Amino acid sequence: MKANIQDIMFPVKQVPAQLGKDFVKDTGYKFIVREDTGQVLSCMTDNYKLIDNSMVIEKSDKIITKQGGKLKEVQSFGRGARSIVKYEFDNHKVKISNGDICTPEIVWANSYDGTVGLNIIAGAFRLVCTNGLVIGIVAEKYKNKHIIQNMELQDIEGVIEEKIKKTKMIMKHEFPVIHETKVKQSHIVDILKMFPLQSSDYMTSLLLAENPNNLWDLLNVATNVATHGMDRKAEATHKLEARIYAKICKMAKVNIASA
């Protein structure tokens, strides 16, 4: 559900999962617990490395602010067990075609239940409708597991800075190719297969209304459906949204290779 940044910054602690009263036996597991409410968020193995949201915010906010980023959206799921935070970079807009403007974005996701590691996704917003920003172009991804031996988790600032730079380059070089690649019937079929059945009516009506001529148009349709035709509170929506750009980009590269 939609939340404020403060809502996901609650303190968390690790509590050993032990058996027995007189003789305590170590089970190799531990509970991840909210300190403010006492709620158990998960039970993880001792190999799990706790990465709390407050630390991620502290490290990421510094470099994102330096690059001109502003907080856009915060989502919280599973009573705080999973979080998604989105930033946008208004001062780095790129014009793709008349009326179609891209704004870079960076998203990080974190969990306390092992469903996702620390994931950082970079991409773009696109101004394609009158009621706001359409979300969905994922250009760069970073995934890291919550394990004690994982030393890469110490360089969050460096990862974020790298993803921002790469996203700007992708917007400059890949987006024009997508815009120039003509749509095939097979492309439309592949995109339709990505979406759940309940959104098919919205998708079909939008395809008929927009009649996409190139892959950029098809990208607009797909992300419009993800934003306006699906439940924004559902995690499945965010997961599908993150796959759309990669799918379209693959289509463009296949066409380029066969040209």
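These are my notebook entries on a predicted model of one protein chain.

**Entry 1: overall make-up**
I started with the secondary structure and found six helices and nine strands in the protein chain. Next I looked up burial: the chain has 259 residues, and 49% of them count as buried. I also checked how far apart in sequence the contacts reach. Among contacts with a separation of 6 or more, 59% are between residues 24 or more positions apart.

**Entry 2: the nonpolar cores**
Which residues touch the most other members of the largest nonpolar core? I got Phe175, Ile191, Phe195, Leu215, Leu218, Ile244 and Ile248, out of 31 residues in that core. I then asked where the members come from: α2 (156-180), α3 (185-194), α4 (200-210), α5 (215-228) and α6 (235-258) each supply at least two. The most come from α5, which gives eight residues. There is also a second, separate core, with 22 residues, and I noted Val56, Val74, Ile120 and Ile156 among them.

**Entry 3: Leu218**
Skipping neighbours within four places in sequence, I have Leu218 in contact with Val183, His187, Ile188, Ile191, Leu207, Pro212 and Ile248.

**Entry 4: α3 against α5**
Some of those partners sent me to this helix pair. On the α3 side I found His187, Ile188 and Ile191, which meet Leu215, Leu218 and Ala222 in α5. The axes are 11 Å apart, and the packing angle is about 20°. Angles under 35 degrees count as roughly parallel, so I logged α3 and α5 as roughly parallel to each other. For handedness I wrote down a right-handed crossing of α3 past α5.

**Entry 5: Glu73**
I moved on to strand β4 (residues 70-77), where Glu73 lies. Is Glu73 buried or exposed? Its relative accessible area is 13%, and the cut-off for buried is under 20%, so Glu73 goes down as buried. I looked for a side-chain partner and found Gln75, joined to Glu73 by a polar contact of 2.6 Å.

**Entry 6: Gly68**
Last stop was the loop between α1 (53-66) and β4, where I found Gly68. Gly68 comes out at 23% relative accessibility, so I have it as partly exposed. What does Gly68 contact beyond its neighbours within four places in sequence? I listed Glu88, Phe89 and Asn91. For Asn91 I also took the C-alpha to C-alpha distance: Gly68 and Asn91 are 6.8 Å apart in space and 23 residues apart in sequence.

Technical notes:
Residues are numbered from 1 along each chain as its sequence is written. This is a predicted model: local features need pLDDT of at least 70, side-chain atom pairs count only at pLDDT 80 or more; totals for chains, interfaces and linings use all residues. Side-chain values use heavy atoms; hydrogens and water are left out. A nonpolar core is a set of buried Ala, Val, Leu, Ile, Met, Phe, Trp, Tyr and Cys residues joined through side-chain atoms within 4.5 Å. Buried means under 20% relative accessible area, exposed over 50%, partly exposed in between (1.4 Å probe, protein chains only). Helices (H or I, at least four residues) and strands (E, at least two) are DSSP runs, numbered from the N terminus. Contact means heavy atoms within 4.5 Å. A polar contact is a pair of N or O atoms within 3.5 Å; within protein, one must be able to donate a hydrogen and the other to accept it, and residues adjacent in sequence count only if both atoms are side-chain atoms. Axes are lines fitted to C-alpha atoms, for helices over the stretch in contact, and angles run from 0 to 180 degrees between N-to-C directions. Angles under 35 degrees count as roughly parallel, over 145 as roughly antiparallel, 65 to 115 as roughly perpendicular and the rest as oblique. A crossing is left-handed if the near helix is turned anticlockwise from the far one by less than a right angle, and right-handed if clockwise.
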